[in-house]
Amino acid sequence: MAAAGAEATSMPPARQSLRRSVVFSLVVFIGLLRGHWLVPDKRQNYASSVAFVEGSFLDGAASMMSAAANVVTALALVYLATKLPLSTLATQRPATLLRHGNNARLSPLTPVSPKLSPEFRKGLDMEEGFARQTSVELPELSKDAVQLRGGGKSSVAFTNLDGDAVLIMDSPEALMAMKSVFKRLCTSSKELLSVSDVIKVHSLLGEPVDEQEEKTMTTFFKTSDLAKKSISFEMFMAWWSQLHDSSADPDQYYSNERYRQRFKVLQSRLKDPKIANISTVTEGDPSSRRFRVHFETDGLRLSPWHDIPLKNSDGSYNFICEIPKWTRKKYEIATGEPMNPIKQDVKNGVLREYKWGDMLFNYGAFPQTWEDPKHVSEETGCPGDNDPIDVIELGTRQRPVGSITRVKIIGVIAMIDDDETDWKVLTLAMDDDRSSNVNDLNDLDAHMPGVTQALTHWLRMYKTSEGKPENRFGCNGKPQGAAFAQRVVQECHEAWRQLLAQSSSSGKLKKVSSGSAIATELALED
């Protein structure tokens, strides 16, 4: 018996697979035999084809064969249940993280790269189904990083981490986004972060660390000094993976694509250090008229209108979100207040909300632009509305109030609001999944059919819920393409530059500095 068991265990995987397939085929064959030849409702057809067989004899034979088929089917299922190895079932449940020491057990993937430490390799379970797995070194990610590919899965292994190794079931592209965020937060060439920096990463991703988690973090990184730069990228990944371990996350919220996209968004924001260092500070109750969203950098209060650049070095534009999609509170940059914070608009002493319905898009403005009320547009025949140019961002993500997002210009709608030109620039976030495929209105209509018509209808009708007439449009009511829109934005940028020059000459413009940071204070008169 022992020898037979040893022989079965050592049987090649291909032969085991063949044996299981044969048994399974036998079960299916017997089921078909029962279901189509020997059941009572088929008996008459069968009897008609073999008329010389007596009906009573056929009934007895069918009953006996049906009972025998039941027994064989049950035995076959028991056999399958006892003989299928548990490792075959285990490979159907991929783990997001496995941390390893000298007694490492890794399933389902088996690393084959010589860069992995011998201790790591020694303790691995060599799964039969992944014997052909390959590996690729990833020096751009880490000197010890290796991508493992096999069985339709991909993972990245880090080694030399305090004698341990970390396996992360994710793509190199996803980890490179995390590496980019990590490097942006580094202030020295050694590429090390402090505990305070890691806490900042959590805050930027919308999951602030509480006091207990901070203690857990200092214990993990073996330091009580929050400001000490001692955390490498490998250590950061070990911490992040442990915190978001899928074994404690049955819904895989942290391990699936929608969560990793948050790093992609953060990576996009951190591309420009000047933008990355800008944060927002709220003041007052959000339900009150005193609520404000201020912008700061290194403790110095900024103007989102004057101090955030319009464009980035890669040609993208900076979109400041005032009203997140799926909301209706009418927030706007307060051009008439010092440092121009974002506030909720007030009319007749009442906080304004859109009554036509929630926003279908992220709504805001481009900084360093101005629609000059003394300039009459040829396209609309009306003067500007005395505000920064309005922007509609059409991406899939909801952007928070005061967020700064890199966008590309897709087109523009020439809206006329209360006999004033009120351009609506159509944009798409650079970190949106469709960004690489959408560059103009034709692309927008191809990838988001009907969106321009829905936007135009919303803009035309939203004021009718307040008893006002429909808004009108220039350019014969047709949205214009990206090149036209860029010219409009540039004209508004030049108008803003002239506004600053005139305000400086009249003494209305003030510059405030703190260290290397300089802020602009200019509020328009009502």
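Visitor: Where is the place of Ser 435?
Guide: In this predicted model, Ser 435 lies in the loop between strand 17 (420-429) and helix 13 (441-447).

Visitor: Is Ser 435 buried or exposed?
Guide: Buried, because its relative accessibility is 5%, and buried means under 20%.

Visitor: What does Ser 435 touch?
Guide: Leaving out residues up to four places away in sequence, Ser 435 touches Lys 408, Leu 428, Ala 429 and Met 430.

Visitor: Switching to helix 14. Which residues there are buried?
Guide: Helix 14 covers residues 451-461. Its buried residues are Val 451, Thr 452, Leu 455, Thr 456, Trp 458, Leu 459 and Met 461.

Visitor: And what do they pack against?
Guide: Strand 15 (390-393), strand 16 (404-417), strand 17, helix 13 and strand 18 (472-473).

Visitor: On to strand 7. How many of its residues are buried?
Guide: In strand 7 (residues 292-297), 6 of 6 are buried.

Visitor: Which residues sit on each side?
Guide: Arg 292, His 294 and Glu 296 are on one side. Val 293, Phe 295 and Thr 297 are on the other.

Visitor: How many bridges join strand 6 to strand 7?
Guide: There are 6, and the two strands run antiparallel. One of the pairs is Val 281 with His 294 in strand 7.

Visitor: What about strand 8?
Guide: Strand 8 (residues 300-302) pairs with strand 7 over 3 bridges, also antiparallel. Glu 296 stands opposite Arg 301 there. The hairpin has 2 residues between the strands, and Asp 298 takes a positive phi near 50°.

Visitor: Last one. How many disulfides?
Guide: The structure holds 0.

Notes: Residues are numbered from 1 along each chain as its sequence is written. This is a predicted model: local features need pLDDT of at least 70, side-chain atom pairs count only at pLDDT 80 or more; totals for chains, interfaces and linings use all residues. Side-chain values use heavy atoms; hydrogens and water are left out. A disulfide is a pair of cysteine sulfur atoms within 2.5 Å. Helices (H or I, at least four residues) and strands (E, at least two) are DSSP runs, numbered from the N terminus. Buried means under 20% relative accessible area, exposed over 50%, partly exposed in between (1.4 Å probe, protein chains only). Contact means heavy atoms within 4.5 Å. Two strands pair if DSSP finds at least two bridges between them.
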